[in-house]
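Please walk me through this model in the viewer, telling me at each stop what to select and what is to be found there.

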Amino acid sequence: MLQEDIFKKLTAHCKEYGFIFQSSEIYDGLSAVYDYGQYGVELKNNIKKYWWDAMVLLNDDIVGLDSAIFMHPDVWKASGHVDAFNDPLIDNRDSKKRYRADVLIEEFLEKLSEKINKEVAKAARRFGEEFDEAMFRKTNARILDLNQRLESVRMRFVEASEKGDLDGIRQLIIDCEIADPVSGSRNWTEVRQFNLMFDTRVGSVSEDANTIYLRPETAQGIFVNFMNVQKSGRMKLPFGIAQIGKAFRNEIVARQFIFRMREFEQMEMQFFIRPGEEKQWYEYWKDKRMKWHKALGFSESKYRFHDHVKLAHYADAATDIEFDFPFGFKEVEGIHSRTDYDLSQHQKFCGKKLQYFDNELNKSYVPYVVETSIGLDRMFLTVLAASWKEEKITKANGQEDERVVLQLPPLLAPVKLAVFPLVKKDGLPEISQKIRDDLRFDFACQYEEKDSIGRRYRRQDAIGTPFCITIDHQTREDETVTIRYRDTMEQERVPVGKLREIISEKVSIKKVLEKLY
RNA sequence: GCGGGAAUAGCUCAGUGGUAGAGCAUCAGCUUCCCAAGCUGAGGGUCGAGGGUUCGAUCCCCUUUUCCCGCUCCA
């Protein structure tokens with residue numbers, strides 16, 4: 001089957017079985033925003049728990065945090081988000097290239113002043129020794145003309161920029177007859193402002209309203225709480241702060257289902273270390289995080305590292321853990337050595353010391369940071385893509401059949417077990433419900449009595465339930481039931497009293513986490 | 001954002017300028033002792049939205065929204 005078809009089927013499956021719905025679907029939907037349905041939310045919560053336990057539960061030196069989405073606007077000035085992602089963009093319809101409108105105009109201005117300089121240089125050659133440059137610039141008609149043009153364009157540009165007048169900027173590009181450097185075409189689209197960050201207003205009324213941003217990453221909430229956590233928790237370096245939370249980015253193109261969304265969830269851990277030890281901790285977390293992924297038991301060839309060659313302004317080393325999605329290898333998690341960039345920036349902007357006194361070294365310093373940052377929604381997609389199978393099976397009577405099964409790792413499955421009476425009579429439903437009522441405190445359970453037993457098995461396969469317990473007539477005699485395994489479809493007869501123990505062992509998160517430490 | 005394609009029942013799709021169809025799914029009942037698609041019955045659609053042409057539009061035209069593919073962008 002084509003990979004592309006697999007992806008289509010996977011997304012259809014997500015909707016059909018209540019994992020993911022498009023946001024506001026009854027109002028025609030909201031682009032690049034999705035809701036998690038009844039099974040989606042369970043799977044997502046299980047992924048969070050797997051991550052949280054691997055980070056916070058099992059590491060003495062990592063603690064959790066839940067910082068607010070709203071933060072002081074200066075946070076984003078310090079982090080560089082306000083300046084770095086605020087560009088007016090324009091497309092050329094013929095070349096299909098996108099440009100920063102302000103850069104096009106600046107380049108045009110640059111060209112004009114070059115022209116002036118060339119004229120001056122030409123004149124200088126012509127007049128030789130007695131050339132008076134200042135006089136020439138003041139009197140030459142050509143230069144005056146060019147200068148006037150340059151100044152008028154610059155004025156309009158500054159005015160339009162200050163007012164955020166996008167139409168004015170476009171008009172300027174047209175009036176200056178600026179052409180696409182690639183195609184020479186002047187067929188431009190509208191100018192649009194693409195801000196990375198969404199903003200909103202805080203305050204009772206608009207008159208003294210304050211613009212604040214919806215955070216584009218959770219990391220800054222950790223950085224601004226560094227001192228709080230370090231002091232109140234009496235944390236010694238090295239130590240880490242972990243956080244799971246929503247983040248928002250106004251993506252220019254958001255596509256590929258939940259891979260790139262405008263509202264998404266991150267699981268981030270910032271590990272604070274002594275300067276000079278960054279290489280060693282970077283390698284440590286690279287290794288640890290890859291183990292976390294592989295411990296789920298999917299094919300190892302689905303994962304790879306992708307080291308960044310071009311580094312962001314704050315990093316001195318960076319790598320992605322990529323997963324082989326149906327649409328190719330794509331980033332799921334990033335591990336970055338962020339140096340002391342963030343804390344230093346905040347120290348500068350807030351005017352307070354963000355330093356740690358190291359008893360061993362007997363001095364204070366701004367700690368370095370190694371970050372692990374994983375997209376929860378991308379992780380969710382990873383798990384689904386790796387689990388979704390369309391199988392051909394041969395029935396008892398020799399006929400070919402198909403089944404769709406989510407081979408989820410049991411610890412992540414939204415429903416751990418389903419309990420069925422083989423038939424809806426002879427007291428079997430009552431016995432089944434009693435068993436379910438007993439097990440529901442320990443596992444996410446379902447009870448179903450409708451439809452043929454085979455159909456019920458298939459429904460559970462489709463949502464990835466690893467175990468189905470069936471109560472038959474023999475149960476009434478010897479208190480045994482059958483347990484049917486999702487992946488092999490094989491059955492085993494076991495005593496009712498042993499169910500809890502058997503299933504606990506198989507859905508154990510401990511068994512998986514033990515592979516990590 | 002640009003270019004191309006799509007949108008009809010929960011899902012997969014058929015269909016016609018003149019009152020909207022199938023299969024599966026759902027619900028109720030029957031049947032059924034282990035791997036879906038037996039039987040009977042029922043519910044469910046202003047044919048994505050808005051406008052135009054027309055006596056009449058799900059169908060023709062325009063606009064718009066959403067999704068898919070390609071390009072582009074991406075810390």
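This is a predicted model: local features need pLDDT of at least 70, side-chain atom pairs count only at pLDDT 80 or more; totals for chains, interfaces and linings use all residues.

To colour them apart, select residues 3-80 together with 196-384 for domain 1, and residues 415-514 for domain 2.

Next, turn to the place where the two domains meet, and display the residues on both sides. Here 11 residues of domain 1 are in contact with eight residues of domain 2, and the area buried between domain 1 and domain 2 comes to about 830 Å², with carbon and sulfur atoms giving 74% of that area. On the domain 1 side, select Tyr17, Tyr39 and Tyr50, which supply 45% of the area that domain 1 buries against domain 2, more than any other three residues. If you look for salt bridges across the interface of domain 1 and domain 2, the rule finds zero.

A search of the whole structure finds one cavity of 30 Å³ or more, and the largest cavity holds about 40 Å³ of space. To outline the largest cavity, select Ala54, Met55, Trp285, Lys288, Arg289, Trp292, Leu516 and Tyr517, which line it. Two elements, α2 (38-57) and α11 (278-294), each give two or more residues to this lining, and it is α11 that provides the largest share, with four residues. Coloured by class, the lining of the largest cavity shows six nonpolar residues and two charged ones, with no polar residue.

The last stop is an open space, the second largest pocket, whose volume is about 400 Å³. Widening the selection to secondary structure, you can show α1 (3-16), β12 (317-325), α13 (376-387) and β17 (388-394), the elements that give two or more residues to the lining of the second largest pocket. Colouring by class once again, the lining of the second largest pocket has 14 nonpolar residues, beside six charged and four polar ones.

Technical notes. Residues are numbered from 1 along each chain as its sequence is written. Chains are lettered from A and ligands numbered from 1 in the order in which they are written. Side-chain values use heavy atoms; hydrogens and water are left out. On a 1 Å grid over the protein atoms alone, a cavity is a set of points where a 1.4 Å probe fits but cannot get out, and a pocket is an open set with protein on both sides within 12 Å along at least five of seven lines; lining residues have an atom within 4 Å of a point. Grid points are joined across faces, edges and corners, and a volume is the space filled by probe spheres set on the points. Ala, Val, Leu, Ile, Met, Phe, Trp, Tyr, Cys and Pro count as nonpolar, Asp, Glu, Lys and Arg as charged, and the others, Gly among them, as polar. Domain bounds come from an automatic or database domain assignment. Contact means heavy atoms within 4.5 Å. Buried area is the accessible area (1.4 Å probe) that two parts lose on being put together, summed over both. A salt bridge is a side-chain nitrogen of Lys or Arg within 4 Å of a carboxyl oxygen of Asp or Glu.
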